[in-house]
Amino acid sequence: MENIASKTAQTRARLIEAATEVFANAGLTKATTREIARAAGVNEVTLFRHFQCKEQLLAAVIQQAVALQAEALAHQDEWTQNLYIDLKDYARLCSSMMEEHEALIRTFIGEAKRYPEAARQIVYETDKSLREQMIVYLQKGQEKGKVRLDIDLRASVDSFGGMLLHGMLRCSDTPTTLGYSRECYIETCVDLFIRGISISPINTDYS
């Protein structure tokens, strides 16, 4: 019984991995269950034993992306309470997650009008937990007199995430013509963001 359960889980995992690849390459509209089954190395009948339709596979792909984000968040180091250090770590984690799901993100952005709910989830929900933690962190910064009280934290965090998303897409499109590295872009975003929300001068001291 245990072997059967393990085999079932492995097949399901292969199908989700294959669906992620096919959705990213073919797009949501053109992706077919037949192609996903072929990419997973199973027949279409096996696919339908696990997922009744393409939409269920799409939901599973999104759920896995969210789960991977949650796992990454669970292993985050404790905040240092230094805005520069903490926001830089946050930006690096966000950027890493975006790069990992870049193909899917591009697909969902391109087909957002056809699949608005799916696009919303993959573009915004995959880092929702991370954004919520950052909002709580900044609220504590307000209580300690480090962060301005006259700003909307949710809008601020979303704007920061927007900068990081734009940077990921731009660095991927034209990496050799920008004149700066991904790390330089991240540091610049962090510097600009902190200067906008911070009450006191920026502290880049790592000691």
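Contact here means heavy atoms within 4.5 Å.

Figure 1. The model is predicted. The protein has 10 helices and zero strands. From the N terminus on, its elements run α-α-α-α-α-α-α-α-α-α. Of the 207 residues in the protein, 42% are buried. Take the contacts between residues at least 6 apart in sequence: 70% of them join residues at least 24 apart.

**Figure 2. Helix α5 packs against helix α10.** Two packed helices are described by the angle between their axes and the distance between the axes. Helix α5 covers residues 83–100, and helix α10 covers residues 182–197. Their angle is about 130°, and their axes are 9 Å apart. An angle over 145 degrees would count as roughly antiparallel, and 65 to 115 as roughly perpendicular. α5 and α10 are therefore oblique to each other. The crossing of α5 past α10 is right-handed.

Figure 3. From α5, the contact draws on Leu-83, Tyr-84, Leu-87, Lys-88, Ala-91, Arg-92, Ser-95 and Glu-99. From α10 come Arg-182, Glu-183, Ile-186, Glu-187, Val-190, Phe-193, Ile-194 and Ile-197. Nine residues of this contact are nonpolar, one is polar and six are charged.

Figure 4. In soluble globular proteins, nonpolar side chains tend to be buried together. The largest nonpolar core here has 28 residues. Leu-87, Leu-138, Phe-160 and Val-190 have the most contacts inside it. Two or more residues of this core come from each of α5, α8 (128–143), α9 (153–173) and α10. A second, separate core has 21 residues, including Phe-23, Ala-31, Leu-57 and Phe-108.

**Figure 5. Leu-87 and its partners.** This view leaves aside neighbours within four places in sequence. Leu-87 is then in contact with Met-134, Phe-160, Val-190, Phe-193, Ile-194 and Ile-197. Among these partners, Phe-160 and Val-190 are listed with Leu-87 as residues with the most contacts inside the largest core.

**Figure 6. Leu-138 in helix α8.** Leu-138 is found in helix α8. Its relative accessible area is 1%, so Leu-138 is buried. Beyond four places in sequence, Leu-138 is in contact with Leu-83, Val-147, Leu-153, Val-157, Phe-193 and Ile-197. Leu-138 and Ile-197 are 59 residues apart along the chain. Their C-alpha atoms are separated by 9.2 Å.

**Figure 7. Ser-95 in helix α5.** Ser-95 is found in helix α5. Buried means under 20% relative accessible area. Ser-95 has 7%, so Ser-95 is buried. Neighbours within four places in sequence aside, Ser-95 is in contact with Leu-164 and Ile-186. Ile-186 belongs to α10's part of the contact with α5.

**Figure 8. Gly-167 in helix α9.** Gly-167 lies in helix α9. With a relative accessible area of 3%, Gly-167 is buried. Gly-167 and Tyr-185 are 18 residues apart in sequence. C-alpha to C-alpha, Gly-167 and Tyr-185 are 7.0 Å apart in space.

Figure 9. Gln-81 sits in the loop between α4 (54–74) and α5. Its phi is near 75°, a positive value in a residue other than glycine. Gln-81 has a relative accessible area of 31%, so Gln-81 is partly exposed.

Technical notes: Residues are numbered from 1 along each chain as its sequence is written. This is a predicted model: local features need pLDDT of at least 70, side-chain atom pairs count only at pLDDT 80 or more; totals for chains, interfaces and linings use all residues. Side-chain values use heavy atoms; hydrogens and water are left out. Axes are lines fitted to C-alpha atoms, for helices over the stretch in contact, and angles run from 0 to 180 degrees between N-to-C directions. Helices (H or I, at least four residues) and strands (E, at least two) are DSSP runs, numbered from the N terminus. Angles under 35 degrees count as roughly parallel, over 145 as roughly antiparallel, 65 to 115 as roughly perpendicular and the rest as oblique. A crossing is left-handed if the near helix is turned anticlockwise from the far one by less than a right angle, and right-handed if clockwise. Ala, Val, Leu, Ile, Met, Phe, Trp, Tyr, Cys and Pro count as nonpolar, Asp, Glu, Lys and Arg as charged, and the others, Gly among them, as polar. A nonpolar core is a set of buried Ala, Val, Leu, Ile, Met, Phe, Trp, Tyr and Cys residues joined through side-chain atoms within 4.5 Å. Buried means under 20% relative accessible area, exposed over 50%, partly exposed in between (1.4 Å probe, protein chains only).
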